[in-house]
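Q: I would like a close look at one part of this structure. Please keep the account plain and follow that part through to whatever it touches.

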Amino acid sequence: MSATDSGRQVLRERARALARVPEEPASHQRLELLEFRLAQERYAVETRHVSDVHPFRDLTPLPGTPAFIRGVVNLRGRLLAVFDLKKFFALPEQGITDLHSIIVVNTPGLELGLLADVVVGVRQVDAGSLAPALPTLSDIAAEYLKGVNAERVVVLDLDRLLADPRILVNHQST
Amino acid sequence: MKWNVGSKLGLGFGAALAIFVLVGIASWQSTRAQSEEARLVAHTHDVIATLAGLDSAVRRAESEQRGYLITAEERYLRPYEAAVAEINTYRLRLVDLVSDNPRQSARAQELGPALADRVARLAESLEVRRRQDFQAVQAVIIAGQGKAAMDKLHDQIETMAQEEERLLETRAVASAEAMRAANQTVIGGTLIALLVAGVAGFAITRNVSGPLRKLTAAADRIAVGDLGVSVDLGERSDEIGLLAQAFTRMTRSLRSMAGVAELIAAGDLRASLQPQSAEDALGHAFVKMIANLRAQIGGMLEGATVLGSAASEIVASTTQLAAGASESAAAVSQTTTTVEEIRQTAQLASQKARAVSDTAQKTVQVSATGRKSTEDSLAGMARIRSQMEAIGASMMRLSEQTQAIGQIIASVEDLAAQSNLLAVNAAIEAAKAGEHGKGFGVVAQEVKTLAEQSRQATDRVRALLGDIQKATTAAVMATEQGSKAVDAGNRQTEVAGESILALAGSANEAALAATQIAASSQQQLVGMDQVAGAMESIKQASTQNVASARQLETAARNLNDLGQRLKGLVASYSI
């Protein structure tokens with residue numbers, strides 16, 4: 001009957017493990033992310049930078065700008081520069097369609113529209129679950145990455161990206 | 001004196017004829033006297049009429065003259081003058097009429113001055129009236145001289161009339177006398193003549209008809225072949241006697257002829273006969289007959305000999321002929337059987353031809369039905385085409401509507417995308433709100449899920465729509481192909497219709513030809529019937545030929561026997 005006892009012991013352990021309440025992660029360590037797709041790759045930005053999302057429509061190209069500045073759009077009376085991350089990250093180009101969306105992001109002193117292929121949605125991830133950027137992922141993007149989570153979602157560090165002087169067109173031209 | 005029959009007849013009838021001539025002369029004389037009397041009577045009547053006319057004329061002249069005397073009008077004068085002229089005329093005629101009678105002639109001469117005196121007095125009175133008045137004339141008339149002259153004249157005329165009346169009476173009496181004498185002569189003469197003629201006729205009849213009756217009886221007996229008669233009338237020298245002698249000579253001659261004929265009848269042709277005269281027809285005929293008979297019997301003898309041998313040959317030939325006829329009959333019988341077989345074959349052919357003709361007629365009907373079916377299928381094809389066109393139009397509408405649906409779906413997709421973005425925006429806003437926005441974040445997540453479901457639904461609809469569009473396109477293609485197939489079918493049907501028309505024409509011609517063949521076959525059958533009938537007739541004729549040949553054979557044998565008998569008969573004659 002020892003086998004029966006040992007078996008009963010195992011079952012008891014298993015029930016205890018299943019009945020345990022999962023540990024609540026620390027709230028301050030949680031990141032609120034807006035996930036989107038760029039050329040089959042999944043990216044995300046923190047929602048604290050995002051003001052809103054709009055369908056990409058009525059682009060007016062701007063001559064004399066770098067390739068990653070696609071042009072400007074009129075969003076409810078505001079003129080917004082459209083920034084193409086695919087050009088910036090040298091991702092494969094698939095053309096612009098109406099299905100693209102514009103993610104309006106804000107940093108102090110700068111408002112910009114990011115062009116996204118598909119906006120997936122808002123999700124929360126643990127800040128600790130982010131792994132450092134994989135060297136195979138993309139060499140260019142490494143300095144703007146916050147990390148990659150288990151689902152291979154690349155979380156961009158918008159503070160660093162938008163602070164990059166390369167994107168400041170006016171400054172460079174003047 | 002010898003009295004022959006002619007003299008007797010002449011005497012009897014001559015006497016009667018003479019009496020009739022006398023009677024005729026007497027009648028003629030009497031008639032002539034009568035007509036003379038009648039002429040004299042007419043003359044006397046004429047004289048009396050003239051006297052009356054004279055009297056009347058005198059009276060009329062007087063009357064007309066008196067009219068003038070009374071009236072003194074000229075219109076009475078013309079009749080008066082006419083009456084005076086008439087008086088003169090009558091007077092001259094009277095004188096002319098009575099010139100054959102002396103007494104009357106004298107009286108007429110006396111009448112002349114009296115008349116002249118009367119006319120003169122009348123004229124005188126007229127003169128008196130013309131010159132003086134009526135009283136003077138009245139005095140003349142009262143004097144009465146005119147009246148006295150008038151009375152005298154009247155008496156003279158009356159006397160003459162009485163004289164004529166008396167003459168008339170005398171003549172009538174004489175005429176009656178003459179008439180009676182003539183009647184007596186005619187009646188008596190006629191009676192005497194009748195008597196004489198009767199007596200003469202009776203005597204001549206007695207003398208002539210008796211002997212003639214005897215001779216007639218003898219002639220009758222000779223006519224029936226009795227040559228032993230003799231006529232005895234005694235010694236008569238007139239024509240009857242001569243006739244009796246001639247009869248006797250005739251019977252003698254006939255008897256000699258009969259004797260010769262009996263010899264010939266007995267077969268003795270050596271008898272000779274002398275004709276009585278050159279005109280002896282019977283004698284000459286007998287001589288000629290004997291000569292001819294001799295020649296003929298000789299010829300017959302030779303002929304009988306030839307006939308006998310010929311009859312033998314004929315018998316042989318007819319035997320062969322009979323055998324040949326039998327063979328020919330057998331052959332004809334076989335031919336008849338063959339012809340009958342051919343006829344049955346022809347009948348079969350005729351029936352087959354009729355069946356073919358019927359079949360051809362049915363074919364014509366079937367082809368007519370086929371033509372109608374072709375027309376029906378053409379109409380059906382036209383209906384199918386119109387329906388195909390309707391289907392095509394429906395398909396086009398369906399395609400257009402599908403496109404409209406696609407546009408709607410695009411709109412819905414757009415809406416779903418916008419909803420998605422709105423849900424994302426809501427989630428962002430909820431995240432910004434922190435703890436308080438959590439419920440709103442759940443709602444935003446639900447909205448996003450709904451938007452996602454809408455998008456998936458629209459994807460499915462789009463896929464379905466794509467299928468529908470493919471199916472529609474396929475259906476349109478199929479419709480077009482169907483339309484083309486219908487066109488092709490239509491053409492095929494038209495071709496089939498033309499073929500069926502041609503077939504119908506051919507069937508018609510075939511039917512006509514079959515009908516003609518049937519008719520020809522029928523005619524052939526009729527002809528074969530006739531041939532069979534003819535062969536049957538030939539067969540009968542052949543059978544009759546065989547029978548005839550047999551009869552002919554028998555007849556030839558009989559002929560042969562006859563020839564033998566004839567030879568025997570001819571041999572009994574002695575030439």
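How many bridges join strand β6 of chain A to strand β7 of chain A, and do the two run parallel or antiparallel?

A: The model is predicted. In it, strands β6 (residues 101–107) and β7 (residues 110–116) of chain A are joined by 7 bridges, and the two strands run antiparallel. Within this pair, A:I103 stands opposite A:L114 of β7(A).

The two strands belong to an open sheet of 5 strands in chain A, with the order β3-β6-β7-β5-β4. Its pairing is mixed. In general, the strands of a sheet pair through backbone hydrogen bonds, in either a parallel or an antiparallel manner. The edges of this sheet are β3 (50–55) and β4 (69–75) of chain A, each of which pairs on one side only. On average, neighbouring strands of the sheet are turned by 30° against each other, direction ignored.

The sheet also meets the other chain. Helix α7 (residues 281–433) of chain B packs on the sheet and touches β3 and β6 of chain A. The direction of this helix makes about 175° with that of β3(A).

As for the contact between the chains, chain A gives 13 residues and chain B gives 11 residues. On the side of chain A that touches chain B, the elements giving two or more residues are β1 (30–38), β3 and β8 (118–126) of chain A. By class, the side of chain A that touches chain B has 7 nonpolar, 4 polar and 2 charged residues.

Key
Residues numbered from 1 in each chain as written. Chains lettered and ligands numbered in written order. Predicted model: local features only at pLDDT ≥ 70, side-chain atom pairs only at ≥ 80, totals over all residues. Pairing = 2+ DSSP bridges. Helix = DSSP H or I, 4+ residues; strand = E, 2+ residues; numbered from the N terminus. Axes fitted to C-alpha atoms, helices over the stretch in contact; angles between N-to-C directions. Contact = placed C-beta atoms within 7 Å. Nonpolar A, V, L, I, M, F, W, Y, C, P; charged D, E, K, R; others polar.
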